[in-house]
Amino acid sequence: DLHPTKADFYGYFAAQLGLEPPQFKGSGVDHFLLVSSRKLKADLNFNFKYPDPMEFNFEVGSAPAEKS
């Protein structure tokens with residue numbers, strides 16, 4: 001499973017929506033947090049609905065369907 005940086009994620013979807021990409025304070029690569037889902041998947045047999053958040057598909061103005 002992939003976990004893009006915050007700047008990559010929001011920048012990509014801002015471009016898809018025709019918006020200016022957001023600017024983040026401290027965007028330098030001084031330090032970072034590595035996000036891993038390895039234990040979640042191994043211990044709980046969890047599967048992500050969207051393993052790659054950059055491939056998430058949505059329509060502007062549409063709300064997610066409610067579960068009944």
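Phe 13 is buried, at 10% relative accessibility. Buried here means under 20% relative accessible area; exposed means over 50%, and partly exposed lies in between (1.4 Å probe, protein chains only). The model is predicted: local features need pLDDT of at least 70, side-chain atom pairs count only at pLDDT 80 or more, and totals for chains, interfaces and linings use all residues. Residues are numbered from 1 along each chain as its sequence is written, and side-chain values use heavy atoms, with hydrogens and water left out.

Start with the rings. The structure holds five aromatic pairs. Rings of Phe, Tyr and Trp (its six-membered ring) pair if their centres lie within 6.5 Å; planes under 30 degrees apart are stacked, over 60 edge-to-face, the rest tilted. Phe 9 and Tyr 10 have ring centres 5.2 Å apart and planes at 90°, so they pair edge-to-face. Tyr 12 and Phe 13 are also an edge-to-face pair, 5.0 Å centre to centre with 80° between the planes. Phe 9, Tyr 10, Tyr 12, Phe 13 and Phe 24 form one aromatic cluster. Phe 9 is partly exposed at 26%. Tyr 12 is partly exposed at 34%, and so is Tyr 10 at 44%.

Phe 9 leads on to Pro 4. Pro 4 touches Phe 9, Pro 53 and Met 54, leaving aside residues up to four places away in sequence; contact means heavy atoms within 4.5 Å. Pro 4 sits in the segment before helix 1 (6-16). Helices are DSSP runs (H or I, at least four residues), as are strands (E, at least two), numbered from the N terminus. Pro 4 is buried, with a relative accessible area of 19%. Asp 52 is 48 residues from Pro 4 in sequence, yet their C-alpha atoms are 8.5 Å apart.

Now turn to Asn 45. Asn 45 lies in the segment after helix 2 (38-44). Its phi is positive, about 55°, although Asn 45 is not a glycine. Asn 45 is exposed, with a relative accessible area of 65%.
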